[in-house]
Amino acid sequence: MSEEKKSKKAKTLDPAQRMLKAMAFLKPDRVPVVFFPEFDLMADFAGKPVKKYLADVDLQIETGERFKERFSGAYCAVSIYQPYATAQALGCPISDPEDEIPAVAGHVIKQTSEVEKFKIPESAWDVPGTGDWLKKIEYSLETGIKPAGIGEFGPLEIAGQVYGYDKFLLDMRKKPKIIHKLLEKCTEFAIKFLSEWTELIGGYSTVILIADHVSGFLNKKLVNEFFAPYHKNLIEALKPMCGGMLYHSENRSYHFIDQIGDWGYNIFHGQDWAPKGDLKKTKEIVSNLDNKYALMGQVPGRDVVLREPNDKVVEKQIIENIQIYGPGSGYMLSTGGGINRGTPLRRLDMMIKLADKYGRYKTKNKLINPEEE
Amino acid sequence: MREELINAMVELEDDLVLNLVKDQLEKRDPLEIFEDLKTSLIKIGDLFEAEEYFLSDLIIAADTFKEASKLMEPYFTKKQDEVKGKILIGTVEGDMHDIGKNIIITLLRSEGFEVVDLGIDVSATEFLEAVKINHPNIVALSGLLTSSKEPMKKTIELIKKEYKDTEKLIFIVGGVAINEDWIKDIGANYGTTNAINGLKIINDAIKNF
């Protein structure tokens, strides 16, 4: 079949199929666009304060469907939310603001000596946070809506939440054995929770997302000692239940960009992956890896898509990302982090429109240049 | 001798730094040792900006600096008993993050500033009340989240409106998301994305005030 015919045939892809093709380094019709809207943006989209939005599962389902319809050219990772579910399940208090994203309001482990006795729940269903979330998902399934994907914080992020981030980072140096013990427990609970969630939706998820920004706080030596082994364990347990493992971090990540595939991840979603801002360098490094993984990002959601006053500047960055990362497939255009409250929705339309214009594939390794058409 | 200490600190060899400080306190002017440690911190901050060091490195550096300062304390009570300035600090309302705040508190206290720590999730009113009671030279507002911008703005506006000596106050904001526009938009005097740079800014601001 000629390339032209193949390209025409591929135009029937929906956003999820497009994403799966890119993840597998096959040729989609065009660069996929993936959106991760934050809870507060979704609450605004629903016209309700965040607290009311989070408490109302029906509203979340209805708003999620409307959001997907509004941005039908993108894969919208809208779900039923339960903020900091794992931290809550492990005993952390969670703040309860009226119209902001809640946050972890205190740590569970006050003394290092408490780590040894720190018990994780037998089941994620039995405790607040994760239990509440699973019940919401169960309810959503009863209404016939399967929420997009599965995802939660990774072991180091959970450990930081229960132990206190600064103490956690300092004790990697001062008390490494204690930190390893804590990480074993956090990993075990993360696996338990995500496995139970996967079972709830039928034993298989297209993608399982793990968000763990702590890697960006660590130098390479600490990444290898404290991050890599626990993420590898997590992936080993969860990979048989999904089509792909997605790692998310908005933090610095250029120092381990060559390792993400070795850990077992299939996709990396980030926004600070280019050493000294050199986007092409990252493409070069990732393209030459033995254990390849797909990239998803790296248009800065906060500093560019939300804050940049000039549409032309935003447009330029989006095109630059498409043209650098698109060739060879294995790329999904996305804001590197969640899409923040206040982000002009026209800029999300702009991302889809620019992917349509500049991101169409001629062959797997080449994009069609619209200026030459 | 000086180079050995600076290198050990920049290389984050915490045990070695403390041993060198103990040893050198018998042989050198403690203020000179203190200056060397500060020089090291500036180098560490530069390495962070250059993407070679990471937050965990800054935490180790701050902790080592704190421990070294403890060793030097008995010498300083004779030579440096003047408080350099009073700083009121807190993480703004809606934000529970305290890593950056805690690092800079350690550095500021080690360097002779009096610090009043209001903790996390501090409302604008709580900041104002604390300013009225403590009469600081500097109000430092910390926040990791992008949503911290509004509470920072609200806090600065309230203090500027309600506190009679507001011309004598310096406002500094800290957090990874902060940039020049952010500082300007909320009416702060200075801003920083990392604690070590924050220490330098505060030192300069106090000198020039």
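## The sheet in chain A

In this predicted model, eight strands of chain A build an open sheet with parallel pairing, in the order β2-β1-β8-β7-β6-β5-β4-β3. Strands here are DSSP runs of E with at least two residues, helices are runs of H or I with at least four, and both are numbered from the N terminus. Two strands pair if DSSP finds at least two bridges between them. Strands of a sheet pair through backbone hydrogen bonds, either parallel or antiparallel.

At the edges sit β2 (75-76) and β3 (150-153) of chain A, each pairing on one side only. Four bridges link β3(A) to the parallel strand β4 (residues 205-211) of chain A. For I150(A), the bridge partner in β4(A) is I208(A).

## Helices against the sheet

Helix α2 (residues 15-23) of chain A packs on the sheet and touches several strands, including β1 (33-35), β2 and β8 (331-335) of chain A. Contact means heavy atoms within 4.5 Å. The direction of α2 makes about 120 degrees with that of β8(A). Such angles run from 0 to 180 degrees between N-to-C directions, with axes fitted to C-alpha atoms, for helices over the stretch in contact. Helix α11 (residues 176-200) of chain A lies across β3 and β4 of chain A, at about 165 degrees to β3(A).

## A look at Y75(A)

Y75(A) belongs to strand β2 of chain A. Leaving out residues up to four places away in sequence, its contacts include M19(A), F35(A) and G149(A). The C-alpha atoms of Y75(A) and S334(A) are 9.7 Å apart, although 259 residues separate the two along the chain.

## Where chain B meets chain A

Here 24 residues of chain B are in contact with 26 residues of chain A. About 2,300 Å² is buried between the two chains, 54% of it from carbon and sulfur atoms; this is the accessible area (1.4 Å probe) that two parts lose on being put together, summed over both. E51(B), F54(B) and M96(B) supply 26% of the area that chain B buries against chain A, more than any other three residues.

Three salt bridges join the chains, each a side-chain nitrogen of Lys or Arg within 4 Å of a carboxyl oxygen of Asp or Glu. D14(B) forms one with K174(A), where the closest N and O atoms are 3.8 Å apart.

## How to read the values

Residues are numbered from 1 along each chain as its sequence is written, and chains are lettered from A and ligands numbered from 1 in the order in which they are written. Local features need pLDDT of at least 70 and side-chain atom pairs 80 or more, while totals for chains, interfaces and linings use all residues; side-chain values use heavy atoms, leaving out hydrogens and water.
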